[in-house]
Amino acid sequence: MNEADALRAAALLESAGFRPVERARDAALLLLNTCVVRQQAEDKIHSRLTYVAELKRAHPDRTVALMGCLVGKNPRELDRFRARFPFVDLFLPPSDLAPLRAFLEARGRLPSAAAAADDLPPPPLPDSQTGRAVVAHVPVVLGCSHACTYCVIPYRRGGERSRPSAEILAETAGLAARGVREIILLGQIVDRYGLDRPGEIHLPELLRRVAAVPGILRVRFLTSHPRWITDDLIAAVATTPGLCPYFELPVQAGSDAILAAMRRGYAVADYKTLVAKIRAAIPHVGVSTDVIVGFPGETAAQFEETMALMRRVDPDMIRVAKYSPRPLTYSARHLPDDVPEAEKERRRVALEAQLRARLTEKNAPLLGQTVEILVESIEKNGRRHGRTPDNKPVFVDGSTAAPGDAIAARIVWAGPFSLIAAAT
Ligand code: SF4
């Protein structure tokens with residue numbers, strides 16, 4: 001979501017005459033997009049801000065903008081931020097470019113909103129990315145109203161708001177015209193798309209329509225919440241050309257007691273049933289998941305339940321995070337962070353080792369097989385980089401394909417997290 005927001009900000013800035021530079025110290029305007037989903041991400045922002053403050057001191061006429069989840073959506077917090085970061089000129093809530101637009105208009109870099117009423121919106125992709133970006137993220141649901149007990153997102157990105165489908169389809173057509181071939185529809189709970197907008201189509205139909213946009217070869221969507229996946233969605237993925245057989249389906253824990261404490265809204269058995277149903281309906285489907293280790297109160301035995309669940313559902317990727325309490329959340333306020341850091345680390349390492357061993361075994365039979373790859377970029381050594389429809393990263397040797405081409409290639413090396421192929 002942050003990548004999508006940053007790209008939109010870049011498109012707006014380029015439409016106002018700015019161009020990207022390599023080094024922060026050469027920039028007339030610096031926009032720092034922030035994530036606070038974990039403490040580690042927040043710590044990173046503060047060290048960057050120290051550097052940005054120095055750059056601002058060196059050139060006070062340089063504009064500094066702070067965007068994203070650190071800023072949040074509560075206007076009452078702005079005074080606190082202004083006092084804390086006096087070198088920041090502009091504060092932008094997540095997915096909200098209005099303050100940047102107003103700033104550019106006030107300086108005559110963009111036509112004013114009234115004058116621009118008949119103008120087209122800024123391009124969906126910065127000029128500097130046009131013809132180069134093969135994959136683009138399109139936010140379709142902003143915010144989240146679920147309130148899992150550990151999650152700060154509803155407090156920073158606000159409640160759930162689906163965007164109108166007409167706007168999403170127009171944006172997709174604009175991206176296709178600029179050379180994009182793969183669209184990734186984004187939402188914190190993307191499978192709830194449209195449910196908050198009476199009369200709007202829902203995710204399966206939106207996916208079908210996006211996949212039908214001329215020029216678009218592939219469509220993915222993330223992140224799904226297990227509770228909102230419908231049979232219609234599974235059927236859409238199974239039968240619509242261009243819809244990639246891939247689900248991002250965070251489970252977070254393999255113990256019912258921990259899932260209840262997280263208020264995820266499903267039980268382990270529901271998750272197992274859902275994954276089995278998806279695998280039965282869609283051959284070669286890729287399923288990835290997220291797991292939090294060391295949630296308050298998680299015992300070693302409950303963590304072993306997570307290990308067992310992962311062996312059972314056999315995901316194609318697991319993103320493992322160590323629990324860290326986030327301000328304002330229910331768990332930070334009410335549940336002691338009682339799993340020691342060393343034990344959280346032990347659980348993370350154990351889960352990742354199990355994953356690595358399983359993926360090594362699971363990818364081995366791909367050797368010699370021919371797979372379809374959408375080329376996304378060309379590496380410095382000439383290798384093409386892309387992905388299979390089920391989202392495995394592949395490096396292709398001996399290919400002259402351009403980014404955006406869909407090619408067939410034969411797997412010559414299979415590792416746990418990437419594949420190497422030879423052009424056919
Ligand atoms: S569904 Fe996802 S974004 Fe929403 S509160 Fe839960 S973890 Fe956070």
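**Domains, cores and rings**

The centres of domain 2 and domain 3, taken over C-alpha atoms, are 25 Å apart. This is a predicted model, so to speak of local features takes a pLDDT of at least 70, side-chain atom pairs count only at pLDDT 80 or more, and totals for chains, interfaces and linings use all residues. Residues are numbered from 1 along each chain as its sequence is written, and side-chain values use heavy atoms, with hydrogens and water left out.

Let's start with the layout. The chain splits into domain 1 (2-106), domain 2 (127-364) and domain 3 (367-423), with bounds that come from an automatic or database domain assignment. Where domains 2 and 3 meet, 22 residues of domain 2 are in contact with 20 residues of domain 3, contact meaning heavy atoms within 4.5 Å. Together the two domains bury about 1600 Å², and 55% of that is on carbon and sulfur atoms. Buried area here is the accessible area (1.4 Å probe) that two parts lose on being put together, summed over both. On the domain 2 side, Val134, Arg218 and Asn363 lose the most area to domain 3, together 37% of what that side buries.

Now for the inside. A nonpolar core is a set of buried Ala, Val, Leu, Ile, Met, Phe, Trp, Tyr and Cys residues joined through side-chain atoms within 4.5 Å; buried means under 20% relative accessible area, exposed over 50%, and partly exposed in between (1.4 Å probe, protein chains only). The largest such core has 68 residues, and Val140, Leu185, Leu203 and Phe221 are among those with the most contacts inside it. Beyond its neighbours within four places in sequence, Phe221 touches several residues, including Leu185, Val190, Tyr246 and Phe247. A second, separate core of 20 residues includes Ala27, Val36, Leu66 and Phe91.

On to the rings. There are seven aromatic pairs in the structure; rings of Phe, Tyr and Trp (its six-membered ring) pair if their centres lie within 6.5 Å, with planes under 30 degrees apart counting as stacked, over 60 as edge-to-face and the rest as tilted. Take Phe295 and Tyr323: their ring centres are 5.3 Å apart and their planes at 75 degrees, so this pair is edge-to-face. Phe295 counts as buried because its relative accessibility is 0%, and Tyr323, at 4%, counts as buried too. Elsewhere, Phe81, Phe85, Phe87 and Phe91 form one aromatic cluster.
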